[in-house]
Amino acid sequence: MQNKGVIKNTVFVLLLNLMVFVGWQLAAYYFEFAYPELLVLFGLIPLLSIWFVWKNHRMHPEISLSTLSFFPRHFHWKQLFKHILFTFRVIAIALLIVVLARPQSKTSWQNVDAEGIDIVISFDVSASMLAKDFRPNRLESAKKVAQSFINSRPDDRIGLVVYEGEAFTQCPLTTDHRVLRALLSEIKSGWVEGGTAVGMGLATAVNRLRNSQAKSKVIILLTDGVNNAGSISPLSAAEIAKDFGIRVYTIGVGTRGKALSPVARTMGGQYQFDYIDVEIDEVGMRQIAKMTGGKYFRATDSRKLEEIYAEIDTMEKTILHVKEFSRRKEEFLWFAIAALGLFALEQFLRYTIFKSVP
């Protein structure tokens, strides 16, 4: 019987300590403290709990009887709340410790000055971009990956150039990426004269960037073929890009070997497809990238194309200048009111409802 009372009291103080610990952690999560070193005073709570168990054990000695059947059993409602006074005192002490540590809320805000990068994506939209070695074809796959790339760079000005046998600006440099994405989704093959004018596509992109004041200027030149049209050679356009301090990342799109590609167009405007060799001027693409301080990539499938754009995204990071401001507000008042309220309630109950007669 005696051990049973000790066990009950021990379980009670363990639960009470657990409740205090959880409350302490919540306070530490939501507030910062001017004197956090004073939180070590929470170590008094377990000591007080040990004293409580020992005191109750000494004040209420028990005797062992073989049976209690001849004693009338009377239950009083006060038995349910016999530990309420100690509970109030412990919680009040925990609140006072928090008050001494001075909890403070922190209001913070930031001024962000973005030093963005000007980027032009130059897209090959020649008929060969309809080849089906990418799903559903090279062009649609490249558009999808470019959309994700644009989404990942909200602080940059980005423009869009498309080219076949000629080149034109689909979207000038803009930070309105909603408009840019809409214009990107509209591009398709067959808008202009057929062919692959890689030099014109690069030169048009350079023209969009030549007056840029950005510290970093980048062109992503994407093609799946060999330059066979236009009045400017790719290397000449690369020389101009170099003079303007523009880096060019070149991407060759297409599987190795043969791919199901358009070979002829019917009277109804539909393409006939057949397996033909994939030819990309990789030597020329590497030269362009090397001349301008960029890099050449080969995308043989959609996953590889995604990895390429992710790598370019990593290499060309926007510089953010962040100034952080904060303001602190004292939050101890309500903790102090709660502690004093619990102390007052404990004293009131101790000398009224729970008053003991010597």
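Which side chain meets that of Arg 157 in a salt bridge? The side chain of Asp 118 does, at 2.7 Å from N to O, a salt bridge being a side-chain nitrogen of Lys or Arg within 4 Å of a carboxyl oxygen of Asp or Glu.

## Basis of the model

This is a predicted model, in which local features need pLDDT of at least 70 and side-chain atom pairs count only at pLDDT 80 or more, while totals for chains, interfaces and linings use all residues. Residues are numbered from 1 along each chain as its sequence is written, and side-chain values use heavy atoms, with hydrogens and water left out.

## Salt bridges

The whole structure holds 14 salt bridges. Glu 330 and Arg 102 pair through their side chains at 2.3 Å, N to O, and this pair links parts of the chain 228 residues apart, with Glu 330 in strand 11 (residues 319–330). Arg 153, Asp 156, Asp 313 and Lys 317 are joined in a network of salt bridges.

## Helix 9

Leu 305, Ile 308, Tyr 309, Ile 312 and Asp 313 are the buried residues of helix 9 (buried means under 20% relative accessible area, exposed over 50% and partly exposed in between, with a 1.4 Å probe and protein chains only). Seen down the helix axis, these buried residues fall within an arc of 140°, so they line one face of helix 9, whereas Arg 303 and Thr 314 are exposed on the other side.

Methods:
Helices (H or I, at least four residues) and strands (E, at least two) are DSSP runs, numbered from the N terminus. The arc is that of the directions from the helix axis to the C-beta atoms.
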